[in-house]
Amino acid sequence: MARFWVCLAGAGFFLTLLVLHSRFCGSPVLRKFAFQISWRTKEIPYRLDVGWPKHSEYFTGATFCVAIDSLSGLVYIAQRGDNIPKVLVFTEDGYFLRSWNYTVDTPHGIFAASTLHEQSVWITDVGSGSYGHTIKKYNSFGDLVQVLGTPGKKGTGLNPLQFDNPAELYVDDTGDIYIVDGDGGLNNRLIKLSQDFMMLWLHGERGTGPAKFNIPHSVTVDSSGRVWVADRGNKRIQVFDKDTGEWLGAWNNCFTEEGPSSVRFTPDGKFAIVAQLNLSRLLLAAAPPVGSIGNCSVIGTIQLADQVLPHLLDVSGKTGAIYVAEIGAKQVQKYVPMNSYFPSFGS
């Protein structure tokens with residue numbers, strides 16, 4: 001017993017020296033180690049908002065995706081099912097506003113890209129009907145504004161542009177569009193379009209090597225100008241330069257059990273939030289510094305109930321809240337950041 005207490009005391013003394021050395025001597029390796037220790041020993045910095053939404057009875061189908069318009073304080077949710085509204089609109093406070101169903105067949109991904117002059121909602125449609133295999137832009141009330149792709153016809157063409165089960169898109173502040181096309185269809189592509197829909201660059205081959213994909217399922221852009229793609233079938237996240245399309249690296253060490261189905265960043269850019277569908281789990285990973293991708297470093301997890309199946313998620317740019325579209329539970333849940341961890345986020 002005495003030996004046990006001596007060993008325990010020695011271990012504690014060693015960890016204390018590591019933390020002090022990292023703080024006062026500036027060792028980046030030791031700083032990283034101490035950072036992980038401090039986070040792993042604390043509670044997860046999010047709590048479930050059990051009061052969101054105010055009326056959950058509006059969820060009448062399988063909720064596949066969610067998008068946050070932080071500028072207008074709106075939450076858009078797309079669901080699948082027969083004879084139901086496909087798009088639901090809530091406030092970030094949880095109040096239901098309206099629904100619409102025009103020209104939406106089978107939604108898969110959704111993105112809100114609003115400015116001071118325009119509220120826009122983009123939806124990727126993987127249906128086999130007359131509106132399927134397209135990416136469509138709507139205003140907030142569901143009026144169709146723009147269609148990309150060939151409605152009702154899947155394909156691999158680039159001129160005119162065709163899709164086959166387009167999974168998700170991301171629109172950056174300049175209006176440029178990043179599309180992952182290939183939720184199990186003919187294509188496994190990452191496409192960048194300009195705001196006037198001209199092709200800027202493309203990675204488009206199935207495979208396991210760099211810049212090749214197997215079910216590219218989610219895409220986002222961080223504050224450092226890097227494009228992150230959840231390469232679900234290859235169990236990794238690949239990273240590209242948003243201007244040139246150059247491959248920068250990949251994270252795969254976090255996804256040995258299952259590949260990522262969704263990826264987003266916190267508003268401060270410090271953490272990536274990743275969903276794993278069949279594990280019903282969210283991962284919080286430290287975002288790498290500019291100029292380095294490195295390995296994935298998980299600082300915490302949010303374990304959801306069995307068979308909840310988090311498909312795609314989004315993060316409020318104003319409050320930092322995480323909204324998770326759960327196709328198993330047929331609902332969207334909201335996780336609110338704890339102010340003690342994220343004091344810069346709004347309430």
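I note at the outset that the model I consulted is predicted.

**Entry 1. The chain as a whole**

I looked up the elements of the protein chain and found two helices and 24 strands. The chain has 347 residues, and I recorded 54% of them as buried. I then turned to the contacts with a separation of 6 or more, of which 46% are between residues 24 or more positions apart.

**Entry 2. The disulfide**

How many disulfides does the structure hold? I found one. Cys 254 and Cys 296 form it, with their sulfur atoms 2.0 Å apart. I read the torsion about the S-S bond as about -105°, so the disulfide is left-handed. Cys 254 lies in the loop between strand S17 (247-251) and strand S18 (262-265), while Cys 296 lies in the loop between S20 and strand S21 (298-303). The pair therefore ties together parts that are 42 residues apart in sequence.

Are the two cysteines buried or exposed? The cut-off for buried is under 20% relative accessible area. Cys 254 has 14% relative accessibility, so I count Cys 254 as buried. Cys 296 has a relative accessible area of 8% and is therefore buried.

**Entry 3. Cis peptide bonds and positive phi values**

Before this search I reminded myself that most residues other than glycine have a negative phi, and that most peptide bonds are trans. I therefore listed the exceptions, given that general rule.

- Trp 52 and Pro 53 are joined by a cis peptide bond, with omega about -10°. I located Pro 53 in the loop between strand S1 (46-48) and strand S2 (62-69).
- Asn 159 and Pro 160 are also joined by a cis peptide bond, with omega about 0°. Pro 160 belongs to the loop between strand S9 (144-148) and strand S10 (166-171).
- Asn 165 is not a glycine, yet its phi is positive, about 55°. I found Asn 165 in the loop between S9 and S10. Asn 165 counts as buried, at 16% relative accessibility.
- Ser 280 has a positive phi near 50° and is likewise a residue other than glycine. Its place is in the loop between strand S19 (271-276) and strand S20 (281-286). I recorded Ser 280 as buried, with a relative accessible area of 2%.

**Entry 4. An open sheet**

I next followed four strands that form an open sheet in the order S6-S7-S8-S9, with antiparallel pairing. Which strands stand at the edges? They are strand S6 (107-112) and S9, each of which pairs on one side only. On average, neighbouring strands of this sheet are turned by 20° against each other, direction ignored.

Within the sheet I examined strand S7 (residues 120-125) and strand S8 (residues 134-139), which run antiparallel and are joined by six bridges. I looked up one of the partners: Val 121 has Tyr 138 in S8 as its bridge partner.

**Entry 5**

I found strand S22 (residues 310-315) mostly covered, with six of its six residues buried. S22 pairs with strand S23 (residues 322-326) in the antiparallel sense, over five bridges. Opposite Asp 314 stands Tyr 323 in S23. The hairpin of S22 and S23 has six residues between the strands, and there I noted that Gly 320 takes a positive phi near 80°.

**Entry 6. Nonpolar cores**

Which residues touch the most other members of the largest nonpolar core? Of its 26 residues, I found these to be Leu 190 and Val 227. At least two residues of this core come from each of S10, strand S11 (177-181), strand S12 (189-193), strand S14 (216-221) and strand S15 (226-231).

I then listed what Val 227 touches, not counting residues up to four places away in sequence; among these are Tyr 178, Leu 190, Trp 201, Val 219 and Phe 240. Apart from this core lies another, of 20 residues, including Leu 74, Tyr 76, Val 89 and Leu 312.

Terms used:
Residues are numbered from 1 along each chain as its sequence is written. This is a predicted model: local features need pLDDT of at least 70, side-chain atom pairs count only at pLDDT 80 or more; totals for chains, interfaces and linings use all residues. Side-chain values use heavy atoms; hydrogens and water are left out. Buried means under 20% relative accessible area, exposed over 50%, partly exposed in between (1.4 Å probe, protein chains only). Contact means heavy atoms within 4.5 Å. A disulfide is a pair of cysteine sulfur atoms within 2.5 Å. Two strands pair if DSSP finds at least two bridges between them. A nonpolar core is a set of buried Ala, Val, Leu, Ile, Met, Phe, Trp, Tyr and Cys residues joined through side-chain atoms within 4.5 Å. Axes are lines fitted to C-alpha atoms, for helices over the stretch in contact, and angles run from 0 to 180 degrees between N-to-C directions.
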